[in-house]
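Notebook open. I want to look at some helix packing first, then at the ligand's surroundings.

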Amino acid sequence: MSVGIIGCGSMGSGIAQVAAQAGEWVLVFDTNSEAIKRAKVSLEAILSRLVEKQRITAEKKDEILSRIEFVDSLKKLSRCNLVIEAIVEKMEAKQSVFEMLEKIVDVNCVLASNTSSLSIASLAKGRLHPERIIGLHFFNPAPLMPLVELIPSLLSSNTIVENVRSRVANWGKTVVLAKDTPGFIVNRVARPFYGEALKMYEEGVGSIQEIDQAMREYGGFKMGPFQLMDLIGNDVNYAVTTTVWTQFYYDPRFKPSLTQCRMAEAGLLGRKSGQGYYSYPLNENALTPLDEAKAKYLFERIFFMLVNEAYDALFMQVASAEDIDLAMQQGVNYPKGLIAWGKEYGLPTVLAGLEFLFEEYGDDRYRPNPLLRKTAKAI
Ligand code: NAI
């Protein structure tokens with residue numbers, strides 16, 4: 001039986017490559033013929049590069065490509081026992097694809113969504129077999145990022161979830177289980193990485209370069225928050241933050257930033273528009289070393305909030321501590337898992353930092369999570 005992929009933009013074509021590389025037969029459908037052409041060219045180029053780098057043989061490349069078939073009709077997905085949709089991030093569009101699919105595929109076919117922000121319960125509601133609808137959230141670029149978040153809805157069947165978990169693990173992915181809550185694990189826990197960086201910049205406690213430098217040099221992150229926002233796109237990052245904030249009933253912890261809103265409105269989207277917090281191509285000037293006390297302050301404000309968010313995800317049973325730590329390392333390249341890192345850094349220090357900010361600002365955004373407080377107090 002084959003794996004069906006719907007939508008072959010950056011995510012769909014990456015997931016198709018992952019599945020085919022693992023030996024699955026893959027059928028790809030997209031309503032836009034230009035997108036199909038682009039995906040074919042890009043797959044060919046990516047695999048040729050892997051051959052050049054001697055990561056795969058030329059025969060393996062041909063074998064992978066022969067396993068991916070682009071089809072011109074959704075009906076051709078009738079041979080699939082797993083279909084992953086990676087179309088536009090719009091609830092109605094995804095619901096309509098699932099509605100059409102259930103008339104085409106066999107009753108045992110699992111229907112998965114690669115959504116990064118929509119509720120899986122809403123996708124399952126009204127379907128003939130809601131127990132087979134799940135979230136399967138890959139990270140960009142799918143062939144390189146090991147993480148996949150598997151999200152059952154309240155209506156999903158445990159057997160189906162376990163079967164998909166082992167199938168995707170066989171594709172070489174690290175599969176973590178997440179509750180159907182806004183942002184799942186990564187897009188929830190990572191919010192302060194951007195949000196607190198933007199807030200410190202707005203307050204003038206650090207410049208864009210200084211905050212990025214502190215996170216890289218003091219914190220050991222591969223990229224600073226502003227570099228990463230420019231890579232993701234300020235429009236996309238702002239949309240994710242806004243969705244998570246509204247879905248959490250406007251919890252101030254997730255409040256979006258006006259600076260980011262204006263950047264998106266002005267079309268200063270980052271790398272893709274040539275200008276964001278930095279100008280592209282980058283002018284690599286040598287950086288002056290950052291004062292250690294300043295670097296520590298900038299890093300800790302973001303870090304304390306990240307640890308708080310990781311504890312909140314644990315406290316609210318979004319995922320296990322192990323999965324939360326794996327997710328942040330393998331989905332967004334954090335140098336360490338936040339639960340373990342918080343303990344290593346000293347939870348009493350993290351708690352004291354959060355309490356200071358909470359007191360200083362009188363803002364619920366900084367309220368320490370009860371589990372973090374309890375664990376810190378027990379040390
Ligand atoms: P994209 O815009 O690059 O590709 C979407 C593709 O879907 C396009 O080729 C479009 O022609 C096709 N499409 C739209 N409606 C369709 C329909 N009704 N039937 C068939 N094809 C249709 O989008 P991208 O970035 O690949 O994202 C896809 C999904 O993956 C979204 O739900 C997004 O939230 C999610 N996601 C995106 C990530 C990213 O970093 N770009 C990361 C993780 C998840």
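Predicted model: local features only at pLDDT ≥ 70, side-chain atom pairs only at ≥ 80, totals over all residues.

I get an angle of about 95° between helix α15 (residues 338-345) and helix α16 (residues 347-361), with the axes 5 Å apart. Roughly perpendicular is defined as 65 to 115 degrees, so α15 counts as roughly perpendicular to α16.

Next I checked who makes that contact. On the α15 side I find Gly342, Lys343 and Tyr345; on the α16 side, Leu347, Thr349 and Val350. Sorted by class, the contact of α15 with α16 has three nonpolar, two polar and one charged residues.

Moved on to α14. This helix covers residues 321-332, 12 residues, and its first and last C-alpha are 16 Å apart, close to the 16 Å expected at 1.5 Å a residue. I listed its buried residues: Asp323, Ile324, Asp325, Ala327, Met328 and Gly331. What do the buried residues of α14 pack against? I find β7 (147-152), β8 (174-177), α7 (186-189), α13 (292-315) and α15. Just past the end of α14, I noted a positive phi of about 60° at Asn333.

Last stop, the ligand. I have 25 residues surrounding the ligand, and the closest are Gly7, Gly9, Met11, Ala35 and Asn140. Which element gives the largest share of the shell? That is α1, with three residues. At least two shell residues come from each of α1 (10-21), α4 (91-101) and β6 (133-138). By class, I have the shell down as 12 nonpolar, 11 polar and two charged residues.

Technical notes. Residues numbered from 1 in each chain as written. Axes fitted to C-alpha atoms, helices over the stretch in contact; angles between N-to-C directions. Helix = DSSP H or I, 4+ residues; strand = E, 2+ residues; numbered from the N terminus. Parallel < 35°, antiparallel > 145°, perpendicular 65-115°, else oblique. Contact = placed C-beta atoms within 7 Å. Nonpolar A, V, L, I, M, F, W, Y, C, P; charged D, E, K, R; others polar. Expected span 1.5 Å × (residues − 1). Buried ≥ 20, exposed ≤ 12 C-beta atoms within 10 Å, placed from the backbone. Near = placed C-beta within 6 Å.
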